[in-house]
Amino acid sequence: EKYSSAISFAGFNAGDMVYFKVVATNSKNEKTSFRANYLIPENIPASQLTAIGDVQGTSSSTPFANQLVTVSGRVTANFDNSLYLQSGNGKRSGINIYNTHFTGKIGDSLVVKGTATEYSELTEIGTPSYVYNFKSNKTLNPVVVTASQINEDYEGMLVQINNVTFDKPGSVIPEQNMSYYATDITGSVVVYINKYSRLV
């Protein structure tokens, strides 16, 4: 009930996607197949990585607008075709990765190459040309902040606000884009819920 095989990647290059299929046949001639793929990773030196904080910059927009950058970090949120990467818990250490099917699970370590852009005042790396997932599953703890501290420094980061109240408690989230207010003793922040959200 076990199968193993040594596969040669001779003739393939870094960045190539290898597709394979395993077919198992039992004594009754019943077949089961399994398909998978493997991305041969590029060898990217650390010196070629751009820190997420540098991509975020020190103002409200990225200094790398429309430039190709390569960043690394851990997945803190996954929304199907969009995810968030974060490298540590320092300010400006999170970023949105938009329009990719190579998403990874929360805690996975990714290297992403794509174009830095601004969309509705959100810095993101859109339509990545290269994503490699090192797995490892080490989740990051959220940074605890107050509502009044929420600003550009925490864009794209996983944060936690304690002891909040919402302006529409007990309501069902409709299948449309909606905004709610979360309030603590220091002030309020807007919580945006996309119409495709899984929240109810």
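**Entry 1: the β3-β4 pair.** I looked up Asn78 and found that it stands opposite Leu83 in β4. The model is a predicted one, and I read every entry here with that in mind. I then checked the link between the two strands. β3 and β4 make a hairpin with 3 residues between them. In that turn I noted Asp80, which has a positive phi of about 70 degrees.

**Entry 2: the other partner of β3.** I turned to β6, residues 109-119, which pairs with β3 over 7 bridges. This pairing is antiparallel. For one position I wrote down both residues: Val69 has Gly114 of β6 as its bridge partner. I also asked how many residues of β3 are buried. The count is 8 of the 11 residues in 68-78, so the rest of the structure largely encloses this strand. Buried here means under 20% relative accessible area.

**Entry 3: the barrel.** I traced the sheet that holds these strands. It has 5 strands, closed into a barrel in the order β3-β4-β5-β7-β6, with mixed pairing. On average, neighbouring strands of this sheet are turned by 55 degrees against each other, direction ignored. I looked for a parallel pair and found β5 (residues 94-98) with β7 (residues 122-133), joined by 3 bridges. Within β7, Glu124 stands opposite Asn96.

**Entry 4: the open sheet.** I went on to β10, β11 and β12. These 3 strands form an open sheet in the order β10-β11-β12, and the pairing is antiparallel. Which strands stand at the edges? They are β10 (165-166) and β12 (187-193); each has a single partner strand, so one side of each is left without a neighbour in the sheet. I counted 7 bridges between β11 (residues 178-184) and β12. Tyr181 has Val190 of β12 opposite it.

**Entry 5: a nonpolar surface patch.** Last, I listed the residues of a nonpolar patch on the surface: Tyr3, Ile7, Phe9, Phe12, Phe20, Val22, Phe34 and Tyr38. Together they have about 790 Å² of accessible area. Strands β1 (17-25) and β2 (31-39) each supply at least two of the patch residues. I picked out Phe9, which lies in the segment before β1.

Terms used. Residues are numbered from 1 along each chain as its sequence is written. This is a predicted model: local features need pLDDT of at least 70, side-chain atom pairs count only at pLDDT 80 or more; totals for chains, interfaces and linings use all residues. Side-chain values use heavy atoms; hydrogens and water are left out. Two strands pair if DSSP finds at least two bridges between them. Helices (H or I, at least four residues) and strands (E, at least two) are DSSP runs, numbered from the N terminus. Axes are lines fitted to C-alpha atoms, for helices over the stretch in contact, and angles run from 0 to 180 degrees between N-to-C directions. Patches are made of residues with over 30% relative accessible area and no salt bridge: like charges are joined within 9 Å, nonpolar side chains (Val, Leu, Ile, Met, Phe, Trp, Tyr) within 5 Å. Accessible areas come from the Shrake-Rupley method with a 1.4 Å probe; for residues, only the protein chains shown count as cover. A salt bridge is a side-chain nitrogen of Lys or Arg within 4 Å of a carboxyl oxygen of Asp or Glu. Buried means under 20% relative accessible area, exposed over 50%, partly exposed in between (1.4 Å probe, protein chains only).
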